[in-house]
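Visitor: I am new to this structure and would like a close look at one single part of it. Please take me through that part slowly.

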Amino acid sequence: VKMNQASIDQAMANVEMTTQKSARIALLLTLGTLLVALTLAFFITRTITRPINAVIEGTQQIARGAFEPINVASHDETALLADAVNNMSNQLKQINEYKAGMMRQISHELRTPLQTILSAQYILSEQKLGRLNPEQLRLLGSMRGNVDKLIKFTNAFLDIAKIEAGKMEYEMVLADLLSI
């Protein structure tokens with residue numbers, strides 16, 4: 001009986017040791033599998049989010065006026081989205097260039113007749129062609145004021161065109177922000 005009892009105790013000890021080894025191996029396999037799964041999930045997520053982030057950054061650049069193409073290395077729906085954004089960006093760039101050209105053209109076309117009106121107003125107000133009554137002089141003064149407004153508007157319009165074309169020359173000066 002004692003021998004059987006010792007044999008049973010030995011078998012129980014072996015079973016307990018085997019169970020502990022199995023539990024350790026199962027724990028290591030679980031942790032290893034979890035680590036591999038997390039690593040794969042990280043790489044898969046980066047593979048998905050990298051092209052999306054490139055599209056987001058590209059659209060933000062377009063919003064700031066930089067119409068550079070978006071390059072996406074994937075060949076899925078994200079690449080199709082990037083192509084659509086690039087097409088839109090090219091169209092916006094062409095529209096922007098056309099608008100800037102039109103603004104420059106309009107500004108230059110307005111300047112010539114305004115200068116002619118201003119010259120005629122000057123000649124009349126100096127009474128080089130004959131005397132004018134006070135009402136006529138008042139009207140000429142009003143004409144001069146309105147021509148000056150149009151010239152300021154035309155200059156501002158031309159400045160906007162220069163700014164958008166990137167050809168505006170700035171003069172940096174110190175300024176008091178509170179007064180501005």
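Guide: Ser 89 is buried, with a relative accessible area of 1%, where buried means under 20%, exposed over 50% and partly exposed in between, using a 1.4 Å probe and protein chains only. This is a predicted model, in which local features need pLDDT of at least 70 and side-chain atom pairs count only at pLDDT 80 or more, while totals for chains, interfaces and linings use all residues. Residues are numbered from 1 along each chain as its sequence is written, and side-chain values use heavy atoms, with hydrogens and water left out.

Ser 89 is found in helix α2, helices being DSSP runs of H or I with at least four residues, numbered from the N terminus. Leaving aside neighbours within four places in sequence, Ser 89 is in contact with Ile 62 and Phe 67, contact meaning heavy atoms within 4.5 Å. The buried residues of α2, among them Ser 89, Ala 100 and Met 103, pack against α1 (2-63) and α3 (134-165).

Gly 101 also has its place in α2, which covers residues 77-125, but Gly 101 is partly exposed, with a relative accessible area of 25%. The C-alpha atoms of Gly 101 and Thr 154, 53 residues apart along the chain, are separated by 14 Å.

As for the length of the helix, the 49 residues of α2 should span 72 Å at 1.5 Å a residue, and the end C-alpha atoms are 70 Å apart, which agrees; the expected span is 1.5 Å times one less than the number of residues. Just after α2, Gln 127 takes a positive phi of about 60°.

Methods: Helix = DSSP H or I, 4+ residues; strand = E, 2+ residues; numbered from the N terminus.
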